[in-house]
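Here is a short tour of a protein model, going from its surface to one of its sheets. Have the structure open as you read.

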Amino acid sequence: MATAEDSTAAAQASRLEEVIVTASKREESLQNVSASVSAFTHADIQRLGLDSFEDFARRVPGVTLNQAVKNRSVFNIRGVTTSLFGGNTQDPVSVYINETPVTDTFGAIVQPDLRLFDVERIEVLRGPQGTLFGSGSLGGTVRILTRQPDPSAFAADGRIDIGVTDGGHQRQRYDGMVNIPLLEDTLALRLVGYQRDEEGWVKNITRGSRNSSDDRGGRAALLWRPGDAFYAKLEVIYQDSDPDDGDAFNPDLGEFRKSSAISEARPSTLTNYSLTMEYEFPDFATLLSATSFQTSETASYADLGDFLGLGVSGFNVSDPWDSEFVTQELRLVSNTDSALNWLVGGFFIDRTTDPAFLVTAPGLSAAFGGLIPTDDLFQSDIETTSRELAAFADVGYRFSPRWKVEAGIRVFDTEVSYSEPDRNTINFVTFEVDNLSFRNTGTDSDYTWRAGISYDPSDDIMLYANVSRGYRIGQVNPNKGPSLTDPNDLVIPEAYDPDSSINYELGAKTSWLQGRLIANLALYYIDWTDIQVNGARVSDMRTFIANAGDARSQGVEIELQTMPVEGLNLNLALTFQEAEMTDVADNIIVAATKGETLPGSVDFKMSGGIQYTWAAFGDKQMYARADVQYVGSSPNDFGMNGGNPFFAMNESYENVGAAVGLVADKWNLALYGENLSNNDSYILTNGGGTPNYVNSLRPLTVGVRLGFSF
């Protein structure tokens, strides 16, 4: 006869796993965080075969990812963006590795697609996060948290993934990790390495190349824990991505065909050094220091075709594009079990970016009979800098067993500069090379804040209301000054101001059926003001960045997870969204118009999955799962009232995957299929401009994945 203890054990076995996150910069159960946060655990990453940003972005409500070229991802959270391809403004979503932001501010042409092997957790924070995560968190924050060295025991993991894409293009992925205790329970070294060798499916008919990629990288982390109160971790992260050609193609040339005289790939090399130290003052607070130094190298290439109409192929080249920055964060977080919790901290970041910018048209000089002395239309070595200094505080107080209030503030000061000591531009009137040098600077001081209240009518239900503000820094305009053709026209300012967003959110986090059903709901309204957009002066068409508009985004996000019976897991995420411009400046030329949908904003998105697990072959388990994602259509840009020749719609698409696996104590094996419907939609991302302008999903891919541990 079954006992009460047996019934309790069975109920606990069929409960959904509790996920612990650090979205609030303290450890907390995901269901207890009074904000919209999605998380993927290490087990989720393994089970779903997540390997890149694209793999998880489609599964998170309110999030889309646009990747016109490998190593340049643009996250869009809750519709807060004005460009799918980046630009000379800071991205509206910040990406972190552990405690370090890894995204540039000015002209961030690279966003390394960090590989997700041996990652402890992925956290996606939706809505402005300006208080705890600073600038660039205008729409939200993505955090990649790596697994830590373990001084208690030796461990080793590996994974081999071999796949074949429709057309016979092979994909090879190799991963390895070894954890080595150097002093028992005190000192440990963790080494991670990976390689990706993936044949491309887009062929360049001019060069004979494909969008194949060869990526390699790894991490080395040394952890020292001399006692329970203190630890120090030194970590180095390295990734080198060397794609052979770009991903975009021209459907007029045939399926997955492109033509360019040069490779349009976006190579990327990133090296990140970090030192994290933590000391716990018992019954008071935990002090953390996080220091990092990062360097990145990339280059941007695009063949613009015969853009001068002279019968010569035009190239737009930027090579190299180097950046480096140093960050320092200090924070003190309360650790007492009391009604009051708090944290205070300070943050500093110093970034430098050095693009060597070149636009050239081979054969241009010859086309003009030598009157033009060079084929280089524009050449300049640029240096940009940005510095931020911030102090922040956050507090929560539970004034009754069911009610809690929270508030936070961040005060910041920024300083930016842009210099071109030697700009050379062809003058098509004099047929000479004009030379110019200048340096622009800008400063700003401001603050962001958040406030919220939550109510727990029971242990399994939390209702909350939040208001939070996010921002991104203002930067400088190279083309400053008055108009030479109309002195009464707008004077382009030396620097443009920060823009900011305020997120109003109502939410519910609920658990039902003794923990076998989780149902979360968020309703939000975002007011985005002083938007940084590309503009042009009316009198001379001089381009610059202007604070020239306002927008709103509103929507509903739903997340459901359930285990109706032991072994059966189902999940569903739904997004209903509307994001549009509400006001546009009328004294300059701006592509946006009032009432226009923001680029990349989808009105509906869905992600769902089902998995069944059962005992097999004695002590082993088998599972079968299927996943589907649907992403609605969206505009690729602003339409300029019909005057933007590059305006197009990104088509809606679905992505279907499935896997069957066998799990043993020390190994696991899975057969999988991706894009099973072979959805080769040409308009996944539509650039609308250069000759090679559209992107697709990777075609139908099937493979086998073997994981093992020691």
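## Surface and charge

The chain exposes about 28,900 Å², and carbon and sulfur atoms supply 56% of that area; accessible areas come from the Shrake-Rupley method with a 1.4 Å probe, and for residues only the protein chains shown count as cover. This is a predicted model, in which local features need pLDDT of at least 70 and side-chain atom pairs count only at pLDDT 80 or more, while totals for chains, interfaces and linings use all residues. Residues are numbered from 1 along each chain as its sequence is written, and side-chain values use heavy atoms, leaving out hydrogens and water.

The chain carries 54 positive and 97 negative side chains, and the centres of the two sets are 4 Å apart. Lys and Arg count as positive, Asp and Glu as negative, with His and the chain ends not counted; each charge is placed at NZ of Lys, CZ of Arg, CG of Asp or CD of Glu.

## Burial

Of the 710 residues in the chain, 55% are buried, meaning under 20% relative accessible area (1.4 Å probe, protein chains only).

Three strands form an open sheet in the order S29-S28-S32, with antiparallel pairing. Strands S29 (543-547) and S32 (589-590) are at the edges with a single partner strand each, so one side of each has no neighbour in the sheet. Strands (E, at least two residues) are DSSP runs numbered from the N terminus, and two of them pair if DSSP finds at least two bridges between them.

Strand S28 (residues 532-536) pairs with S32 over two bridges, in the antiparallel sense. Ala 536 has Ile 589 in S32 as its bridge partner.

Methods
Buried means under 20% relative accessible area, exposed over 50%, partly exposed in between (1.4 Å probe, protein chains only). Helices (H or I, at least four residues) and strands (E, at least two) are DSSP runs, numbered from the N terminus.
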